[in-house]
Amino acid sequence: MIKAIIFDFDGTITDSVDIKTKAFAELYRPYGEKIERKVVEYHLAYGGVSRYDKFRFFHKQFLKIDLGEFEVKELAENFSTLVIDKVVGAPYIPGAFEFISNYYHIYDMYISTATPTDEIDEILKIKNLTQYFKGIKGSPESKVDHVKLIITQKKYLQNEIIFIGDSDSDKEAANQ
């Protein structure tokens, strides 16, 4: 019997993937159309990867620049400024809110997202969703780490838990 459900957030609960795609494009537009296109393609192919890892990858692979932690943090803050209000205002994926609000008392529900923990906490609080989830996990930890932690802490068997997501990193976390 299923006891717990882990949800990704962007693209699974809210229709916010495009918001983040546009933010990445905006941040990399000054480097030219070719770089902007590569950034968008990578982001779409690796949707569940943390923005911190993406910034390091984009700069190293596309711009041949090694970023320091300060520069990564600065890019992440600029990214947050571009997206947070839009994500809060994004519509729900059809049926997602209804399912969560109707079944949270039957299943233990969790969030596992590549969005930074403090940012997802703020978004869920503003959207009045926090009360539906037993735990909220964000980056810098990976989704695989989130799942392992939830299973270990709550002592779920692997067949008692479901991961609902829309990216390869979600699939990897579910398989692990």
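**Salt bridges in the predicted model**

The side chains of Arg 56 and Asp 53 form a salt bridge, with N and O 3.1 Å apart. A salt bridge here is a side-chain nitrogen of Lys or Arg within 4 Å of a carboxyl oxygen of Asp or Glu. Both residues lie in helix H3, three residues apart, about one turn of the helix. Helices (H or I, at least four residues) and strands (E, at least two) are DSSP runs, numbered from the N terminus. Arg 56 is partly exposed, at 29% relative accessible area. Asp 53 is also partly exposed, at 43%. Buried means under 20% relative accessible area, exposed over 50%, and partly exposed in between (1.4 Å probe, protein chains only).

The model is predicted: local features need pLDDT of at least 70, side-chain atom pairs count only at pLDDT 80 or more, and totals for chains, interfaces and linings use all residues. Residues are numbered from 1 along each chain as its sequence is written, and side-chain values use heavy atoms, leaving out hydrogens and water.

The whole structure holds 10 salt bridges. One of them joins Glu 160 to Lys 3, with the closest N and O atoms 3.2 Å apart. Glu 160 sits in the loop between helix H7 (143-154) and strand E4 (161-164), and Lys 3 in the segment before strand E1 (4-7), so this pair ties together parts 157 residues apart in sequence. Glu 160 is buried, at 10% relative accessibility, whereas Lys 3 is partly exposed, at 41%.

Glu 119 and Arg 51 also meet in a salt bridge (2.8 Å, N to O). Glu 119 belongs to helix H6 (residues 117-126) and Arg 51 to helix H3 (residues 51-62), 68 residues apart. Glu 119 is buried at 4%, and Arg 51 is buried at 5%.
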